[in-house]
Amino acid sequence: MRVRAVEAVGARSLAFVNELGRMTSFAGHILRTLVTRRPRPARVVQEIYDVGVLSLLIVCGSGLAVGAVLGLQGYNTLVRFGAAESLGAVVGLSLVRELGPVLTGLLVTGRAGSAMAAEIGTMVATEQLDGLRMMAVDPVDLVVTPKAIAMIFVMPLLSCLFILAAIFGGYLVGVVLLGVDGGNYLTSLETAVDFDNDVAGSLLKALVFGVLVGLIATFRGYTSAPTSAGVSRATTSTVVVASVSILVFDYFITALWGM
Amino acid sequence: MTAAEPEAHVALEDVRVAFGPRVVFDRLDCRFPRGRISVLMGGSGSGKSTILRLIGGLVRPARGRVWVAGEDVTQLTERGLNRVRRRLGMLFQGSALFDSLTVAENVALPLRERRELSRAEIAAEVKRRLGDVGLEDAGELMPGQLSGGMQRRAGLARAIVSSPEILLCDEPFSGLDPLNVRRIEALLVDLNRRYGHTLIVTSHHIPSTRRMAQQVVFVRDGVAVVGTPAELEKGADRGIAEFFRAEEDEEVPAASVRGGGA
């Protein structure tokens, strides 16, 4: 019984390492096409629209709601210590350092990452990628790389929009509803948030999350089994693996960046 | 192959293909002559589509050689394979058209990627090929707006737009009504006559095979039996003869195709 358990752990470990190796090789393939093939600006712009513009509503709406909750919770806590005027600092720091990039990463994974994996997986199942190969066209070059680039480019921008929407949500609740002074809200926010440390770190996080989601979504779709069940598995695993990776990498970036 | 047999445009020698524990072929040998229409037949699961994928380099055999226009595709890198694929066209069973592109954009894709022609030349070529398949008015439609037969014809236009020497067609008649079967069949025969393409077609469709095939390669139990439709239909192999006659009964006896399957 124990031997079997050890064997199972060993098999899973080997499968994990194997998967990591394949994903690294896939990332190398994307990088190679970036360097050696002609750029495809029209396809990248289309993907930026699909990933970015179509995510705007959900990102800004969620940002507004998160900011409103932060404003409410922050006010209720700060007012006990007579520090309600620091609400802007609390809202701004939590958003810029953590919640902005992390929640944007999770939202984009659920909306655009899963769609990306499903689209590529469907192209595998319907032989569209084989069709490209038979035309002597590299599917990674034509299909995968523009999607990955779009995800990397869009994630920091969406994260910034999420943060702005959330700061505005906090302002609405704190200043308009609860009566905190508007000037104090913005001044405390401006004083607390440091550009070199907080904002640059926030952008770095969003960039890394963009790389992670772009790579995981395209890899899962590209390597999915050519069946409807395969597409379904690719979509689910994209959301799970990308979400967990975002949370794990968030810790390491925070620790290494010294936020 | 095969320097001694120059008439074979495509040849498989001693090919073994296995997917996990399932062995599709162990020692498959077959040849497809230049400029002729060859129909690959066999029961479901016999590996007909796998042969097309071997020819296109989409599947690599565990053993053996696959000669395409004088090159052994089993020994080629992806770059070498792409060189050979530029001489091939393939119509997939589900047509494999890109959902996000119009029919004309789908047909233009191979030419755009090769970057050898100007925009005007590509547009003219696309128009000509859409005309060849009777879809001259469908260029601006999306694939989802086409019927099954029209999708098949659009896929065919894309497969022939770069004037391939060898055209591979995977079940071009499956799921089509008799009129569309006749239409696609006439197109394939016309392409072979007008442009001299070597055609390799997988099919279960007996009437069209009788009409168009100059050679039938019947795959069963991993072995290829070759002949004209008349030779195989009246030959000594009862299983193959029954397969041809089954069209009248609309049911293929399981025993006759077992192990041969597609």
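**View 1. Cys169(B), a buried cysteine.** In this predicted model, Cys169(B) has a relative accessibility of 0% and therefore counts as buried. Cys169(B) takes part in no disulfide, and the nearest cysteine sulfur, which belongs to Cys30(B), is 16 Å away. A disulfide is a covalent bond between the sulfur atoms of two cysteines. Over all chains, the structure holds 0 disulfides.

**View 2. Cys160(A), a cysteine without a disulfide.** The nearest cysteine sulfur to that of Cys160(A) is 11 Å away, in Cys60(A). A pair of sulfur atoms must lie within 2.5 Å to count as a disulfide. Cys160(A) is partly exposed, because its relative accessibility is 35%.

**View 3. The bend in helix α4 of chain A.** This helix covers residues 87-125 and bends by about 55 degrees at Leu95(A). Just after α4(A) comes Glu127(A), with a positive phi of about 65 degrees.

**View 4. The largest nonpolar core.** This core has 57 residues, and those touching the most other members are Phe26(A), Leu95(A), Val108(A), Leu129(A), Leu132(A) and Met151(A). Helices of chain A that each supply at least two residues include α1 (2-36), α3 (56-78), α5 (128-134) and α9 (228-257). The largest share, 14 residues, is that of α6(A).

**View 5. Surroundings of Phe26(A).** Leaving out residues up to four places away in sequence, Phe26(A) touches Val140(A), Val144(A), Leu215(A), Thr218(A), Phe219(A) and Tyr222(A).

**View 6. Another core, apart from the largest one.** It consists of 44 residues, including Leu97(B), Val201(B), Ile206(B) and Leu232(B).

Conventions
Residues are numbered from 1 along each chain as its sequence is written. Chains are lettered from A and ligands numbered from 1 in the order in which they are written. This is a predicted model: local features need pLDDT of at least 70, side-chain atom pairs count only at pLDDT 80 or more; totals for chains, interfaces and linings use all residues. Side-chain values use heavy atoms; hydrogens and water are left out. Buried means under 20% relative accessible area, exposed over 50%, partly exposed in between (1.4 Å probe, protein chains only). The bend at a residue is the angle between axes fitted to the seven residues ending there and the seven starting there. Helices (H or I, at least four residues) and strands (E, at least two) are DSSP runs, numbered from the N terminus. A nonpolar core is a set of buried Ala, Val, Leu, Ile, Met, Phe, Trp, Tyr and Cys residues joined through side-chain atoms within 4.5 Å. Contact means heavy atoms within 4.5 Å.
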